[in-house]
Each structure stands twice: as C-alpha cells, then as structure tokens.
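Here is a short briefing for a reader meeting this structure for the first time. Please look over the sequence and the model before reading on.

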Amino acid sequence: MGLTERVWDAFANTIKLNDKVEQLNTTVAKQQSHIEDLNARVIRLEAALEFAHHTQRSRRLPTTKR
C-alpha cells in the first residue's frame, strides 16, 4: 500500500468517524430530552402522591387522649 492510499484511507476513516460522532450526538440529544420528560413526570407523580397522602391524613378523626 502506497503513501497516497494510506493518506486516503485515513481521510475516509476520519469522515466515517465524524458521521458516527454526529449520529451519537443526535442520539444523546434525543435521550436527554426523553430523560428530562421522564424527570418532569416523576416530579408530578411525587406531587400527586404527597397531595393524596396529606389529604388522607387530614380526613382522619383526631384521636382523643384520656
């Protein structure tokens, strides 16, 4: 293999690597968006659980001490 072929292969490999990095960047951005959405959903669920727990507690009759 001559020098020209090795240089050409290096350029080709660099271009392929760049494409893979761009694809990975797109995938990571989509995953980050998905994680942020899930995080917001968990926060809403936690708030609903706290509200339900607080509502359940306030419906009980107070206990009387003798």
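The points below cover the overall form, the surface and two residues.

This is a predicted model. The protein has 1 helix and 0 strands. Its C-alpha trace spans about 100 × 20 × 10 Å along the principal axes.

**Overall form**
- The radius of gyration of the protein is 29 Å, whereas a compact globule of 66 residues would have one near 11 Å.
- Helix α1 takes in residues 3–59.
- Lys-16 and Glu-50 lie 34 residues apart along the chain, and 51 Å separates their C-alpha atoms.

**Surface and burial**
- Of the 66 residues, 0% count as buried.
- The protein exposes about 6900 Å².

**Charges**
- The protein carries 11 positive and 8 negative charges.
- The mean positions of these positive and negative charges are 21 Å apart.

**The nonpolar patch and Val-7**
- Leu-3, Val-7, Trp-8 and Phe-11 make a nonpolar surface patch of about 490 Å².
- Val-7 sits in helix α1.
- Val-7 has a relative accessible area of 37%, so it counts as partly exposed.
- Patch residues must have over 30% relative accessible area, and Val-7 has 37%.

**Lys-16**
- Lys-16 is also found in helix α1.
- Lys-16 counts as exposed because its relative accessible area is 52%, and the cut-off for exposed is over 50%.

Notes. Residues numbered from 1 in each chain as written. Predicted model: local features only at pLDDT ≥ 70, side-chain atom pairs only at ≥ 80, totals over all residues. Heavy atoms only, no water. Patch = residues over 30% accessible without salt bridge, like charges linked within 9 Å, V, L, I, M, F, W, Y side chains within 5 Å. Areas by Shrake-Rupley, 256 points an atom, 1.4 Å probe, with all protein chains shown as cover. Salt bridge = Lys/Arg side-chain N within 4 Å of Asp/Glu carboxyl O. Helix = DSSP H or I, 4+ residues; strand = E, 2+ residues; numbered from the N terminus. Buried < 20%, exposed > 50% of the residue type's maximum accessible area, 1.4 Å probe, protein only. Rg over C-alpha atoms; globule rule 2.2 N^0.38 Å. Lys, Arg positive; Asp, Glu negative; His and termini not counted. Charge placed at Lys NZ, Arg CZ, Asp CG, Glu CD.
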